[in-house]
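Hi,

Here is the two-chain model I promised to pass on to you.

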Amino acid sequence: MPAAAIELRSVNKWYDTFHVLKDIDLSVGSGEKTVICGPSGSGKSTVVRCINRLEEHQSGSIKVDGVELTNNPQSVAAIRSEVGMVFQQFNLFPHLSVLENLTLGPIKARGLSRQAAEERAMHYLERVKIPEQAKKRPGQLSGGQQQRVAIARSLCMEPKVLLFDEPTSALDPEMISEVLDVMVELAEDGMTMVVVTHEMGFARRVADQMIFMDGGEIVERGTPEEFFGAPRSVRCQKFLSQILQH
Amino acid sequence: MKKLFVMLVPLLFLTGCSSSSTWGWYVINPMTASGWTNVKFLISGMGDTIVISLIAAVISIALGLVVALPGLAKHRGWRLLNRIYVEFVRSIPLLPMLFWVFYGLPIIFREMGLDIPIDPFWGAVITLALSDSAFTAEIFRAGIQSIARGQTEAAQTIGLNYLQTMRYVILPQAIRRILPPLANQFIYIVKMSAFASVIGMQELTRRANELVVTEYRPLEIYSLLILEYLVLVLVISAGVRWLERRLGSDERN
Ligand SMILES: Nc1ncnc2c1ncn2[C@@H]1O[C@H](COP(=O)(O)OP(=O)(O)OP(=O)(O)O)[C@@H](O)[C@H]1O
Ligand SMILES: [Mg+2]
């Protein structure tokens with residue numbers, strides 16, 4: 001069995017008195033794809049954001065590629081360099097061109113030369129199929145194109161793990177598939193992925209592991225066959241019947 | 001209108017009491033030799049006003065940024081430092097601050113065994129910069145806070161550290177938004193630089209005061225003084241417009 005790329009052991013987190021994550025155990029093997037779903041407010045974003053330390057957990061342990069996340073800035077930096085993240089709202093830098101969005105991290109954080117960074121950026125822009133937009137500002141692109149730029153920006157850091165937090169939820173319906181297509185290709189190329197999404201077609205297609213969260217807990221987990229075929233918990237059955245109606 | 005009139009009349013009377021009760025624009029009539037000499041004398045203060053204001057503004061912006069950053073920290077201790085500086089500095093009236101810097105600082109320096117003289121020029125610059133920095137700090141803090149949190153998070157996930165995130169992601173966006181209030185502060189500095197006349201800087205206001213003493217024509221001379229500040233402010237406004245266009249702060253997003 002390959003070493004786990006991500007390992008969460010009884011992770012707990014509180015916002016003041018509000019217990020937002022309750023004893024989360026999660027293991028994602030190298031190259032595996034995990035899809036997390038669940039109702040709004042169940043803590044999906046919080047789990048993903050804890051994995052790259054955008055949020056701090058209060059107890060339990062989180063290991064990425066064998067390195068434990070602590071307050072030590074070096075461990076945070078080490079883990080951030082392994083973990084990319086794609087946000088629901090894209091969070092592209094509006095004052096920079098697409099190309100500059102992609103080269104900023106490699107040049108400033110990785111010390112690449114501008115030329116090397118631009119070559120790498122163009123490589124990944126081609127992978128997300130929008131090399132012709134390199135000189136534009138994010139504001140001039142459609143939502144689907146912006147999200148693909150955001151994915152390319154993460155890839156430029158050559159991470160071992162990619163986290164996605166509802167990457168298609170802010171998109172118009174006709175743009176969802178162009179983003180999902182890119183994600184499926186990434187999955188097929190063997191990227192380790194943790195994806196929060198309600199796109200169940202995508203989940204069936206790429207997931208190795210399905211996670212259902214509710215009220216800060218992991219209520220159900222299993223392979224897509226188990227998960228969609230015969231969900232054990234009532235909450236999960238109800239949730240699935242609601243979102244699969246559409 | 002009537003109220004304004006009632007307020008203005010004693011003022012006119014007071015300032016005009018050393019002169020006659022008629023206009024005497026000849027003192028600044030550039031067509032006459034003596035008038036032209038006077039006008040040249042008044043305008044020659046422009047250089048000092050501009051240089052004092054520019055240097056003070058640059059220092060104030062740098063200092064304001066340094067003061068603003070702890071105000072955005074997660075830790076309460078840092079934020080408290082920011083609050084103390086801002087509340088304290090912005091409450092000090094300019095004139096007492098000027099005396100403190102010009103007369104007080106050298107004494108403190110001497111007691112510390114340092115020999116740092118403060119001439120009127122630097123006295124004025126330091127006072128204006130210090131006093132303004134509290135306001136600049138608040139402008140920076142509001143501007144940085146107005147940039148969505150997701151920008152900082154995205155910068156962190158591509159490995160940028162705090163300073164890089166500020167330098168390459170947050171400040172370039174914040175600057176576009178805070179340019180108009182910063183320009184306001186700059187105009188304020190230009191006008192407040194008139195206080196430098198009190199410690200003997202030969203800037204615009206000082207020249208006007210000196211001419212008033214010899215010519216006994218305060219109304220006419222101060223009218224020209226107002227005009228001089230107006231010209232300065234209009235030039236600044238035009239410059240800021242140009243900067244806004246260059247930085248694209250006039251476009252949405
Ligand atoms: N900074 C915060 N302070 C206090 N409570 C928070 C904070 N962030 C999130 N929460 C709460 O924590 C809970 C979980 O939030 P989270 O964003 O992880 O949910 P989610 O499953 O991603 O929901 P959604 O589908 O709406 O994105 C919610 O009830 C939310 O209100
Ligand atoms: Mg969420």
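Below are my notes on chain B, on the interface and on the sheet of chain A.

First, the ground rules. This is a predicted model, in which local features need pLDDT of at least 70 and side-chain atom pairs count only at pLDDT 80 or more, while totals for chains, interfaces and linings use all residues. Residues are numbered from 1 along each chain as its sequence is written, chains are lettered from A and ligands numbered from 1 in the order in which they are written, and side-chain values use heavy atoms, with hydrogens and water left out.

Chain B has 10 helices and 0 strands (DSSP runs numbered from the N terminus: H or I of at least four residues for helices, E of at least two for strands). Its C-alpha trace spans about 75 × 55 × 35 Å along the principal axes.

Now to where the chains meet. On the chain B side, 17 residues are in contact with 19 residues of chain A (heavy atoms within 4.5 Å). The area buried between the two is about 1700 Å², and carbon and sulfur atoms give 60% of that (accessible area, 1.4 Å probe, that two parts lose on being put together, summed over both). In chain B, the residues that lose the most area to chain A are T157(B), I158(B) and Y168(B), together 36% of what that side buries.

There is 1 salt bridge between the chains (a side-chain nitrogen of Lys or Arg within 4 Å of a carboxyl oxygen of Asp or Glu). E153(B) forms this salt bridge with R49(A), and the closest N and O atoms are 2.7 Å apart. Two elements of chain B, α7 (149-157) and α8 (162-192), each give two or more residues to the side that touches chain A. The largest share, 7 residues, comes from α7(B).

Finally, chain A has an open sheet of 4 strands in the order β2-β1-β4-β5, with antiparallel pairing (strands pair if DSSP finds at least two bridges between them). β2 (18-29) and β5 (67-68) of chain A stand at the edges with a single partner strand each, so one side of each is left without a neighbour in the sheet. Strand β4 (residues 59-64) of chain A is joined to β5(A) by 2 bridges, and V64(A) stands opposite V67(A) in β5(A). Helix α1 (residues 44-51) of chain A packs on the sheet, touching β1 (4-15), β2 and β4 of that chain, and its direction makes about 120° with that of β1(A) (axes are lines fitted to C-alpha atoms, for helices over the stretch in contact, with angles from 0 to 180 degrees between N-to-C directions).

Best wishes
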